[in-house]
Amino acid sequence: MSAATTTAAATTTAEAGPAAATTTAEAGPAAATAVRAEPLPPPGPGRLRLLSYNIRSLRDDRRALARVIRACEPDLVCVQESPRYWRPEGQAAWLARSTGTAVLAGGGRTAAGPLLLGRPGAVELLAVHDRLLPKTRGLHARGFASALLRLPGTAPFTVTSCHLSLDQEERYGQFELLLDQLGIAELGIVAGDFNEHPDGPGWRLLASRLQDGHPTAPWGGEFTSVPERPYQRIDAVFATPGITVLGCGVPHGLPEVTEADLRAATDHLPVLAVLELPAGRPGSRTSG
């Protein structure tokens, strides 16, 4: 998040209502720290290990950030707040080199912050569908980093990384555009920083059409903000019906992922998901 994020977090908390705030207060600091994670499902045919992470423009400890990403061993990384004002391509390339990945989509003017990174050989890039979103005067430009991808032997699927607006009205329109983005193929994944709680109107819209990863297959931690004392879930991974969610959550306790690195890397916690894509079949719909 930017400097305005503190305000955004407070606004989002207010939107969640007093019940959510009371629950957090009653739970106390111990409840905000997840128990040690059980092992995630192992690699297998059609399985995708996806990480979603708001990196706050690499303004924090970028070495800790790279360690966290590497330790999660993702096939695909959906990045939010990739640097976009000073040498964005060079900084995206540094992040890719430091994490053993390659830039697939986003990271430029069109996506306006979101970025897709992929482990070489893990996914096949079929097409790029980055999208610059309509902008409300006085607010930040926002966009989607989107790509049509395929794993060996699977049907094609889209992946979109997003970082939605702090303004509720504009944000709801962006949730609607995310559903539009899913029209590229029958199967799709949306991951990002939604700047909204699960009881918000936009989140509910998305969850009515897609599977919300963490409640579908709970694993690891739930809350993604803030790293020092997690109290809210504003980051998530969603998948269309037809994709099986095998596990999804914040990777507390994952081997080589230290709490010190999670706190130092950025102002969000990452969300790690293991998803299983169906086998490809003739006539699978795409517009790529």
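Biologist: Where does Glu 81 sit?
Modeller: In this predicted model, Glu 81 is in the loop between β2 (76-80) and α4 (88-99).

Biologist: What's its phi like?
Modeller: Positive, about 60°, although Glu 81 is not a glycine.

Biologist: And is Glu 81 buried or exposed?
Modeller: Buried, because its relative accessibility is 9% and the cut-off for buried is under 20%.

Biologist: OK, what about Glu 256, what's phi there?
Modeller: Phi of Glu 256 is near 75°, so that's a positive value in a residue other than glycine. Glu 256 is in the loop between β12 (244-249) and α8 (259-265).

Biologist: Buried or exposed, that Glu 256?
Modeller: Exposed, with a relative accessible area of 66%.

Biologist: Which peptide bond is cis?
Modeller: The one from Ser 225 to Val 226, with omega near -10°. Val 226 is in the loop between α7 (213-216) and β11 (235-239).

Biologist: Changing topic: what's the mean pLDDT of the chain?
Modeller: The mean is 88, and 85% of the residues reach 70 or more.

Biologist: Where is confidence lowest, and where is it highest?
Modeller: Lowest in helix α2 (residues 18-32), with a mean of 35, and highest in β11, at 99. Over residues 1-35 the pLDDT is below 50. In the model that stretch has 42 contacts beyond near neighbours in sequence.

Biologist: Now the inside. Which residues touch the most other members of the largest nonpolar core?
Modeller: That core has 30 residues, and the ones touching the most other members are Leu 48, Leu 50, Phe 157, Val 159, Ile 189 and Val 237. In soluble globular proteins, nonpolar side chains tend to be buried together.

Biologist: What does Ile 189 touch?
Modeller: Leaving out residues up to four places away in sequence, its partners include Leu 48, Leu 50, Phe 157, Val 237, Phe 238 and Leu 275. Thr 158 and Thr 160 are also among the residues that Ile 189 touches.

Biologist: How many residues are in the other core?
Modeller: There are 28, among them Ile 55, Ile 69, Val 257 and Leu 272, and that core lies apart from the largest one.

Biologist: Tell me about α5. How many residues does it have?
Modeller: Helix α5 (residues 168-181) has 14. From first C-alpha to last it reaches 20 Å, close to the 20 Å expected at 1.5 Å a residue.

Biologist: What's going on at the start of α5?
Modeller: A side-chain oxygen of Asp 167 comes to within 3.3 Å of the backbone nitrogen of Glu 169.

Biologist: And which residues of α5 are buried?
Modeller: Glu 170, Arg 171, Gln 174, Phe 175, Leu 177, Leu 178, Leu 179 and Gln 181.

Biologist: How many aromatic pairs are there in the whole structure?
Modeller: A search finds 4. One of them is Phe 175 with Phe 194, a stacked pair at 5.8 Å centre to centre with 15° between the planes.

Biologist: Where are those two in the chain?
Modeller: Phe 175 is in helix α5 and Phe 194 is in the loop between β9 (188-193) and α6 (201-209), 19 residues apart. Phe 175 counts as buried at 0% relative accessibility, and Phe 194 is also at 0%.

Biologist: What kind of pair do Trp 203 and Phe 238 form?
Modeller: Edge-to-face, with 5.6 Å centre to centre and 65° between the planes. Trp 203 is in helix α6 and Phe 238 in strand β11, 35 residues apart. Both Trp 203 and Phe 238 are buried.

Biologist: Which residues form one aromatic cluster?
Modeller: Phe 175, Phe 194, Trp 203 and Phe 238.

Technical notes:
Residues are numbered from 1 along each chain as its sequence is written. This is a predicted model: local features need pLDDT of at least 70, side-chain atom pairs count only at pLDDT 80 or more; totals for chains, interfaces and linings use all residues. Side-chain values use heavy atoms; hydrogens and water are left out. Helices (H or I, at least four residues) and strands (E, at least two) are DSSP runs, numbered from the N terminus. Buried means under 20% relative accessible area, exposed over 50%, partly exposed in between (1.4 Å probe, protein chains only). pLDDT is the predictor's confidence in each residue, from 0 to 100. Contact means heavy atoms within 4.5 Å. A nonpolar core is a set of buried Ala, Val, Leu, Ile, Met, Phe, Trp, Tyr and Cys residues joined through side-chain atoms within 4.5 Å. The expected span of a helix is 1.5 Å times one less than its number of residues. A polar contact is a pair of N or O atoms within 3.5 Å; within protein, one must be able to donate a hydrogen and the other to accept it, and residues adjacent in sequence count only if both atoms are side-chain atoms. Rings of Phe, Tyr and Trp (its six-membered ring) pair if their centres lie within 6.5 Å; planes under 30 degrees apart count as stacked, over 60 as edge-to-face and the rest as tilted.
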